[in-house]
Amino acid sequence: MSAEATNPATAGPVAPTVSQALTASAAPAAPRRKSRPRIDLRRLGRAALLGPAARDKLPDAISHVVEAHRAHHPDADLEPLRRAYVLAESSHRGQMRKSGEPYITHPLAVTLILAELGAETTTLTASLLHDTVEDTEVTLDQVREQFGEEVRYLVDGVTKLEKVDYGAAAEPETFRKMLVATGNDVRVMSIKLADRLHNMRTLGVMRPEKQARIAKVTRDVLIPLAERLGVQALKTELEDLVFAILCPEECARTRELIAENAARSGDPLAEVAEEVRGVLREADIPAEVLIRPRHFVSVHRVSRKRGRLRGADFGRLLVLVNEDADCYAVLGELHTCMTPVVSEFKDFIAVPKFNLYQSLHTAVARPDGQVVEVLIRTHQMHKVAEAGVVALGNPYAPAADAPAADAPAADASASDPAASGSPADGERVDPTRPGWLSRLLDWQQAAPDPDTFWSTLREDLAQDREITVFRPDGGALGLPEGATCVDAAYAQYGEDAHACIGARVNGRLATLSTVLRDGDTVQLLMGQDPASEPSREWLEHAHTPAARIAIQRWLATHPGGGTGTADADGTGTPEPGGTRDPLTTAPGTAPARDGESAAAHPAARPGAAAGAPPERPADAGPAPRPPRADVLVDRPGAAVRLAGCCTPVPPDEITGFAVRGGVVTVHRVECAVVANMKNLGREEIGVRWGDTAGCRVTLVAESFGRPHLLADLTEAIALEGAEIVSATVEPPSQQQVRHTYTLQLPDAARLPALMRAMRDVPGVYDVGRAQHQTPAP
């Protein structure tokens, strides 16, 4: 969901936040569902101090939790909640928060937040116990004995590591531990987010410097995680609370803007909402139309983007329907009966966001020029939009009404794709283990120290938009926006991507520095040389932590390395010792192998003219005439010439045309010159292959520059028994080198094998027949 998302339109039983309170006072009147009374945490604290209720009776202190839980899960078994509360209350008894309230009010508030979002019983049970192991004498073994392995796993996942053991690394290592646990069970992070939200609500009792430190970690790590998990109800409130602490002056100004708007007469949002209701009534589409006031941070962002704000800028309309098809029906009615702003339309139902968010976004213009944004979604989509992964209930149960399955063992490999779907094959295969989380877990294993992990984690989470690119085999890669071919290579191949020599994007050759776009098809070209190495310049184009860490680790273990020739920007890089691959400096030459002289490769002679045939010894006598393929012509006595534009060879389908001097020129039927000849009215003459097997053919090889490439190509040609008549190497262009060979084959049937052998040479990505465009004779 976008950053402008708001909290649910209906008031929950939790204490109102800064944004909720101010928005409620400033927003125009709108239909509201009947809400439960506000919770008095001090009253709950007093109730908790009185001790547990009679056995088998639900304590009054969790009545609000039970009420919220039953609203989402009417048939839930409440016994685990009762037992968890009894254990939590007894273990925390006597502990007080800095606000002066009994400590039990904190796990109660956290559990209530999750209950309002629709969390299932297991999550709520773990939430009540989430601080017992950390702050009391309760052990994880006790939790397992009383509540099972699943609850134990969740409690362990959110339990902080001791500073006594980890020192300054305690916080980053705690987050690392928590993320690894989240990789196996996303409910771990759900509990942590609710825990942080309640702590942020009560942060005013802390020293200003501590408030700022906690707010910055919330901004840099937890808010992005809430966005990626789709828990917008928590994310938007956390944003407002952080905004009030870190930007108090801008927050005060935003408060004034909201108050000024509330004081104005007339509300464009209410007027458009009523108009929309009328349109949908006439169309007989059952729908609920709500006004969604923007939260503080959203208003602040819009004001910075648009300058002076008008009434319609302070909120959006939300249309809730029953079925997916109704969403599009509503969209059609709005665009038919009102003035749509086409550029604002986005379809997140057909293409959901990576955090499960689905909705139709559009906008309509009023006669006074104000633009009203409209969100259209089903009630189920709305639930997921607000609660994200929390709305999934227990994602590990075998069926919707089945009992919760045990969580994976704590020592399970969190980075094993098999544990919960392949991270490379889509963000939505398993919503409980999205692709971004799998990638994060992969690179965190390679982070050499806590400081690197902590700084890289913040950088990774700052990339809050994702794209999906596709492999030629149909698989998908999820990457952050701005990722390049370098990132795609390491996402697909891991450290084997050191051997990547280039890429094709949407079928066209591209340098490794090419920035990818959503929906691109990427084919990564991998070299076969085991000594391949990444270039230092790749770091400038590596956008993902996985790519950067892999390259940096290789460079750290190879101090003299990183000077490969397939650079991300498409230019050749000098080899150690200051020399450069001759393919990047002089066309028509080839580098000699170690211990060899250039003379060992005739096609690579220094000073030889490009395209000239190899030199022959002076006493070798006249060169033998190469055999040619036999062509039979339906014109007796006519001379035959094989066209140089398409170099036909058996068993190509061929045709002939008479040219000056009575010569019949033979072309491949798909040659472009054939169509030109026909257009000019040239007479077409029947030709066919005779019995002679030998042939001459021109092949074009396209490759990336690297040492010894020309030598390897000529060796592959020689091993297939072909004779090089002439060879031309064009000047390199952005790492790409084009070779043209005219070859004499003793048997035309060996041409496919020859082309395969040339393609198998490391660095060569394509070999084809020459298709020169020549003017008609």
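1. How many bridges pair β5 and strand β6 (residues 371-378), and in which sense, parallel or antiparallel? In this predicted model, six bridges join the two strands, and the pairing is antiparallel. One of the facing pairs sets His361 against Leu375 in β6. The two strands make a hairpin with five residues between them, and Gly369 in the turn has a positive phi of about 95°.

2. Strand β3 (residues 339-340) runs antiparallel to β5 and is joined to it by two bridges, with Pro340 opposite Val364. Strand β4 (residues 346-347) also pairs with β5 in the antiparallel sense, over two bridges. Here Lys346 stands opposite His361, the residue whose bridge partner in β6 is Leu375.

3. Helix α4 (residues 79-92) passes a simple length check. At 1.5 Å a residue, its 14 residues should span 20 Å, and the end C-alpha atoms are 20 Å apart, which agrees. The helix is mostly covered, with 10 of 14 residues buried. Just after α4, Gly94 takes a positive phi of about 95°.

4. The largest nonpolar core has 73 residues, of which Leu129, Val143, Met189, Leu193, Met200, Val231 and Leu457 touch the most other members. Helix α13 (residues 208-228) supplies the largest share of this core, eight residues. Leaving aside residues up to four places away in sequence, Met200 touches Ile214, Ala215, Thr218, Leu238, Leu241, Val242 and Ile245. As a general point, nonpolar side chains in soluble globular proteins tend to be buried together.

5. An open sheet of four strands, with antiparallel pairing, has the order β19-β20-β18-β21. β19 (723-729) and β21 (764-769) are the edge strands; each has a single partner, so one side of each is left without a neighbour in the sheet. On average, neighbouring strands are turned by 20° against each other, direction ignored. β19 and strand β20 (residues 736-745) run antiparallel and are joined by six bridges, with Ser726 opposite Thr742 in β20.

6. Two helices contact this sheet. Helix α25 (residues 709-719) packs on it, touching β18 (695-704), β19, β20 and β21, and its direction makes about 25° with that of β20. Helix α26 (residues 751-759) lies across β18, β20 and β21, and runs at about 155° to β21.

Methods. Residues are numbered from 1 along each chain as its sequence is written. This is a predicted model: local features need pLDDT of at least 70, side-chain atom pairs count only at pLDDT 80 or more; totals for chains, interfaces and linings use all residues. Side-chain values use heavy atoms; hydrogens and water are left out. Two strands pair if DSSP finds at least two bridges between them. The expected span of a helix is 1.5 Å times one less than its number of residues. Buried means under 20% relative accessible area, exposed over 50%, partly exposed in between (1.4 Å probe, protein chains only). A nonpolar core is a set of buried Ala, Val, Leu, Ile, Met, Phe, Trp, Tyr and Cys residues joined through side-chain atoms within 4.5 Å. Contact means heavy atoms within 4.5 Å. Axes are lines fitted to C-alpha atoms, for helices over the stretch in contact, and angles run from 0 to 180 degrees between N-to-C directions.
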